[in-house]
Amino acid sequence: KLRYFHEIASASHSGSGGEQAEKEAVFWFFEDALKKRFAGFVASLESATHDPLVHVRSKSVRMAFDLLRTVPEQEAAMLFMLVNKLGDPDKKVASSAMHLLNRLLTEHPAMKGVVAAEVQRLMFRPNVSEKAKHYATAFLAQVMLSHRDGMLARSMLSSYLALFRQAIANKDFDSKTLTAILTGINRALPYVGTAEEAAAQGLTPGKP
C-alpha cells in the first residue's frame with residue numbers, strides 16, 4: 001500500500017546522506033503525491049455511485065470492483081461503495097453489486113469475513129431500505145462456509161435471527177427476504193459449532 005511522506009520518513013532507518021538521501025526524499029514525495037491523488041479519485045468515484053444516471057452508477061460500481069480486486073489501496077472505501085450499492089434504487093445496479101461481491105469472494109476467498117462484516121453493517125444501518133436488506137441477506141446466504149468459519153457462521157446466524165425478529169416485531173413479512181433469511185439460517189447452522197459456542201453469542205435455540 002502507498003504511504004504518506006511522514007509515514008515513510010518515520011518508518012525509515014536509512015542512514016544515507018547527500019545525494020542518496022535526496023533521491024529517497026524524491027521517491028517519498030512522489031509516493032505521497034500519488035496516494036493523495038488516488039484518494040481524490042476514490043472520492044470522485046464514490047460520488048459517481050450516486051449519479052442520477054443508471055449507466056454511470058453501473059460503471060462506477062464495476063470500476064470499484066476492479067480496483068478492489070486488483071489494487072491494495074483504499075480497500076475499505078472500495079468495499080463500502082460496492083456493498084452500499086446493494087441498496088441501489090435500480091434493480092440492475094443492486095443485482096450487479098451482489099454478483100460482483102460473489103465474484104470478489106471467488107477470486108479472494110480470504111476476504112470472506114471482511115466482506116460479510118461490511119454487508120452485515122449495511123443490514124442494520126438506520127433507515128436502510130427493505131430492498132437493501134433483501135439483497136444483503138440474499139448475498140450472505142450464498143457465501144460458502146466451511147467448518148473453519150465457525151465464528152463467521154455464528155455472526156451471520158445472529159444477523160439472520162435479528163432480521164427475523166425485526167420482521168416479526170414490525171409485522172413486515174417480505175416473502176423474498178424471509179426466504180433468504182431461512183436459506184441463510186439453514187446454510188449457516190451446520191458450521192455454527194458447539195452448543196456452548198452458540199450460547200456464548202446468544203444463539204441458544206428457542207431464545208427470544
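Me: Where does Asn-127 lie?
Reply: In this predicted model, Asn-127 lies in the loop between H6 and H7.

Me: What is phi of Asn-127 near?
Reply: Phi of Asn-127 is near 60°, which is a positive value in a residue other than glycine.

Me: Is Asn-127 buried or exposed?
Reply: Asn-127 counts as exposed, because its relative accessibility is 81% and the cut-off for exposed is over 50%.

Me: And Gln-74, where is that found?
Reply: Gln-74 is found in the loop between H3 and H4. Although Gln-74 is not a glycine, it has a positive phi of about 55°.

Me: How does Gln-74 count by relative accessibility?
Reply: Gln-74 counts as partly exposed, at 25% relative accessibility. That value falls in between the limits of under 20% for buried and over 50% for exposed.

Me: Staying with those helices, at what angle do H3 and H4 pack?
Reply: The angle is about 145°, and the axes of H3 and H4 are 9 Å apart. H3 passes H4 in a left-handed crossing.

Me: Which residues make that contact?
Reply: From H3 the contact takes Val-61, Ala-64, Phe-65, Leu-67 and Leu-68, and from H4 it takes Glu-75, Met-78, Leu-79, Met-81 and Leu-82. By class, the residues of the contact of H3 with H4 are 9 nonpolar, no polar and 1 charged.

Me: What does Met-81 touch, not counting residues up to four places away in sequence?
Reply: Met-81 touches Val-42, Leu-45, Glu-46, Thr-49 and Ala-64. One of these, Thr-49, is 32 residues from Met-81 along the chain, yet the C-alpha atoms of the two are separated by 7.5 Å.

Me: Changing topic: how do the axes of H7 and H8 cross?
Reply: The axes of H7 and H8 cross at roughly 145° and come within 11 Å. H7 passes H8 in a left-handed crossing.

Me: Which residues meet there?
Reply: Lys-133, Thr-137, Leu-140 and Ala-141 in H7 meet Met-156, Tyr-160, Leu-163 and Gln-166 in H8. The contact of H7 with H8 has 5 nonpolar, 2 polar and 1 charged residues.

Me: On to the largest nonpolar core. Which residues touch the most other members?
Reply: They are Met-78, Leu-86, Val-115, Val-119 and Phe-139, out of the 51 residues in this core. The elements that give two or more residues to the core include helix H2 (18-48), helix H5 (91-107) and helix H9 (175-188). H5 gives the most, with 8 residues.

Me: What is Val-119 in contact with, leaving aside its neighbours within four places in sequence?
Reply: Val-119 is in contact with Val-83, Leu-86, Ala-136, Phe-139 and Leu-140.

Me: Stepping back, how many helices and strands does the chain come to?
Reply: The secondary structure comes to 10 helices and 0 strands, and the pattern along the sequence reads α-α-α-α-α-α-α-α-α-α.

Me: What percentage of the chain is made up of buried residues?
Reply: Buried residues make up 38% of the 208 residues. Among the contacts in the chain with a separation of 6 or more, residues 24 or more positions apart account for 67%.

Me: Finally, what is the mean pLDDT of the chain?
Reply: The mean pLDDT is 85, and 82% of the residues reach 70 or more.

Me: Where does pLDDT stay under 50?
Reply: It stays under 50 over residues 204-208, for which the model has 5 contacts beyond four places in sequence. Where pLDDT is low, the predicted coordinates should not be read in detail.

Notes
Residues are numbered from 1 along each chain as its sequence is written. This is a predicted model: local features need pLDDT of at least 70, side-chain atom pairs count only at pLDDT 80 or more; totals for chains, interfaces and linings use all residues. Side-chain values use heavy atoms; hydrogens and water are left out. A nonpolar core is a set of buried Ala, Val, Leu, Ile, Met, Phe, Trp, Tyr and Cys residues joined through side-chain atoms within 4.5 Å. Buried means under 20% relative accessible area, exposed over 50%, partly exposed in between (1.4 Å probe, protein chains only). Helices (H or I, at least four residues) and strands (E, at least two) are DSSP runs, numbered from the N terminus. Contact means heavy atoms within 4.5 Å. pLDDT is the predictor's confidence in each residue, from 0 to 100. Axes are lines fitted to C-alpha atoms, for helices over the stretch in contact, and angles run from 0 to 180 degrees between N-to-C directions. A crossing is left-handed if the near helix is turned anticlockwise from the far one by less than a right angle, and right-handed if clockwise. Ala, Val, Leu, Ile, Met, Phe, Trp, Tyr, Cys and Pro count as nonpolar, Asp, Glu, Lys and Arg as charged, and the others, Gly among them, as polar.
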